[in-house]
Amino acid sequence: MAAEALAAEAVAARLERQEEDIRWLWAEVQRLRDEQLNAPDRCQAEGPCLTREVAQLRAENRDLRHRLYRLRLCLAEELSHQAKLESAARAAAQGEAGRAGRGAQRPSSQNREKDIRKKKKEREPDREVKNQPDFIKERLKLFETLKKDHQLLFAIYEQKGNTGKVITVRVADGETVEGEVWKTTPYQVAADISRDLAESTVIARVNGEPWDLDRPLEGDSTLELLTFDDEDAQAAYWRSSAHVLGEAMERYYGGHLCNGPPIENGFYYDMFLEDRAVSSTELSALEDICKAIIKERQPFERLEVSKDVLLEMFQYNKFKCRILNEKVNTPTATVYRCGPLVDLCEGPHVRHTGKIKAIKIFKNCSTYWEGSPEMETLQRVYGISFPDNKMMETWEKSQDEAKNRDHRKIGKDQELFFFHDLSPGSCFFLPRGAFIYNTLVDFIREEYHHRNFTEVLSPNVYSSKLWEASGHWQHHRENMFTFDVEKDTFALKPMNCPGHCLMFAHRPRSWREMPIRFADFGVLHRKELSGTLSGLTRVRRFQQDDAHIFCTVEQIEEEIKGCLQFVQSVYSTFGFSFQLHLSTRPENFLGEIELWDEAETQLQNSLIEFGKPWKMNPGDGAFYGPKIDIKIKDALGRYHQCATIQLDFQLPIRCNLTYVSKEGDDRKRPVIIHRAILGSVERMIAILSESYGGKWPFWLSPRQVMVIPVEPTCEKYALQVCSAFSEEGFMADVDLDHSCTLNKKIRTAQLAQYNFILVVGEKEKTNNAVNVRTRDNKIHGEISLTSAIDKLKNLKKSRTLNAEDEF
């Protein structure tokens, strides 16, 4: 055993020396390459020779690392075996002493206790796989080995005097404290301020970067302590919860974990199971395992590891290897451990699993790797967690409310729309649903008239040549419905912009025409996967309030300001508040930096002048231009992205769009602004129906007026009243059912969400009047028929949200 320990130390020392050699050699390679670039006529042999030497040393280094790993495994197993033997010997000695001192009665009592425990265990359902996969143990052993390597390197680093340096930590409130580099952690700083603060903090933000609370600071830092109400903290909390779920799934199923990210509300984990699927009846068992893991307060441990070693660690899991090979572009990546789970993850995480106070595993489904039906089928399990039970209770109540407000349920109950297997993903709007649809479109049309947009009609089918020119064929072909006609390939349009570019380019354009604002309600088709279709929120056939503004660079600021005012006008009419996010130049941007900088400055100026709060999303813009993302908040507190305002510098180039500038340059490129307010009309109807809970505001309601006669002698007058309202464009009905009492008819109309119930009897018939009450049973009393029509016309025109109260 001593020899193995000495061998391990020797290999480790050699490994460290070789790593220093590799770093020196690589620096030389870089230097020589630079010299070759500056002196092309020099001999080219030196660089490649040194690169081969580096490769040989790295190969030997990998072998040494592998030998070191195996030696340490043998050493750990030997120590473990010796400890077990010593433990068994001590237990035997204690047993002999106990039997001598307590006589013969005790063992029978112990046997009875063992029998009780055994029977109890037999009665409990299976919570985990009988035989844990070997990869869990091997993965954990390698993690522990790597952890010891890191500790050894840190000890060497400390001996060289590279730690202990005093650093300055500036806390968000302006307070400044001192710490030690590579030793002081955000948690220690928080605990020195307040123990309650430290315990309520989820993660930190160090110099703008999300950071684990127990991760040492690496230099002078600006420190923010984030609680659960922060977006980054919520993401970290749910990321940690996903790891807990992943550990539970490995224990229960023994399959291969894939992705487990935080999402907008909670988290999920995907697992590959070769011979079975996850059943909804197993979710309670998974939740029980999660709760047991939480009780264990397993710490989250972070390691940064080379990509080669990670490929060895996850060699059993082809999905993790794909992520490493296809998504990781750096020489190292981070893994986190909690309990037996070691998982690829950027982090950060909570300090330990005990920080998760309430967890719910509530849904499962099947999906595909990266959403492609050509790839493997995966099992996805969803969960949610919170730092206290009250938040979980609130969430559960909101879920119950959301079920009652589900637009699919409302659509069925109110006879608005339905779907059919003979046209999947394409909605059938019934008369009342079509009324809502057309009312929304008419609303936007009216706004177009006020804001100088010109409505156009464009074809539904285009040759693939157009899509190739615009770039959509390369990126969206698999999401397009295509077909062949006379040896040419055509496609149903999934968006309007290429067609609008053809409209712009069909004749020469002048700066005097700019800006040109084309609006289009054309039908769009996208080939969504059948498994992703979901009511009106994910469909194959839809319409958008789509518009494209062709303008000069100098006009961007004013046009964006107009778009933001358009958004404000429409969303305030619906009663929505919204968030604004400016997404700027990404790494893979196309075009000139100067043009991007000018466009981003104009967008910022427009947002500042607009006067509403907004946030910056650095690097999150599209490759073709910066954009403003707009998220609306509904009555349930959920956020939805519907509106979009995007600048596009590339499509005018790809479609060769030009105009004659004021200076006479006939090759000047316009800028395109892609703009939608409702987004998909179908999706907006889903959001509105759930936000209103089926209680539509009067102007949008598919059931605006119900006329109820008091007795049969008043039925003719009731029909006349209903006809008068219908002729004025109202959705009016009359109830002539003789089997129901007057009170029941009124109640039925109120439950059906008719905004106004007009009761007519002999008195109203004589006075040519109606007796008005609302769906909330507010009684306005008798009013002349003419006045009632005029009032309701004004309320409808104003698009008020509270017509019943304002009547």
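**Strands and a helix pair**

Analyst: Starting with strands: β18 and strand β19 (residues 488-492) run antiparallel and are joined by 4 bridges. Strands here are DSSP runs of E, at least two residues, numbered from the N terminus, and two strands pair if DSSP finds at least two bridges between them. It's a predicted model, with local features needing pLDDT of at least 70, side-chain atom pairs counting only at pLDDT 80 or more, and totals for chains, interfaces and linings using all residues. Residues are numbered from 1 along each chain as its sequence is written, and side-chain values use heavy atoms, leaving out hydrogens and water.

User: What stands opposite Asp484?

Analyst: Thr489 in β19.

User: And what order do the strands of the open sheet come in?

Analyst: β17-β19-β18, 3 strands with antiparallel pairing. β17 (461-463) and β18 (482-485) each have a single partner strand, so one side of each lacks a neighbour in the sheet.

User: Switching to helices: at what angle do the axes of α17 and α18 cross?

Analyst: Roughly 40°, with the axes of α17 (residues 556-574) and α18 (residues 593-610) coming within 9 Å. Axes are lines fitted to C-alpha atoms over the stretch in contact, with angles from 0 to 180 degrees between N-to-C directions. Helices are DSSP runs of H or I, at least four residues.

User: Which residues of α17 meet α18?

Analyst: Among them Ile556, Ile560 and Leu564, and on the α18 side the contacts include Leu603, Leu607 and Phe610. Contact means heavy atoms within 4.5 Å.
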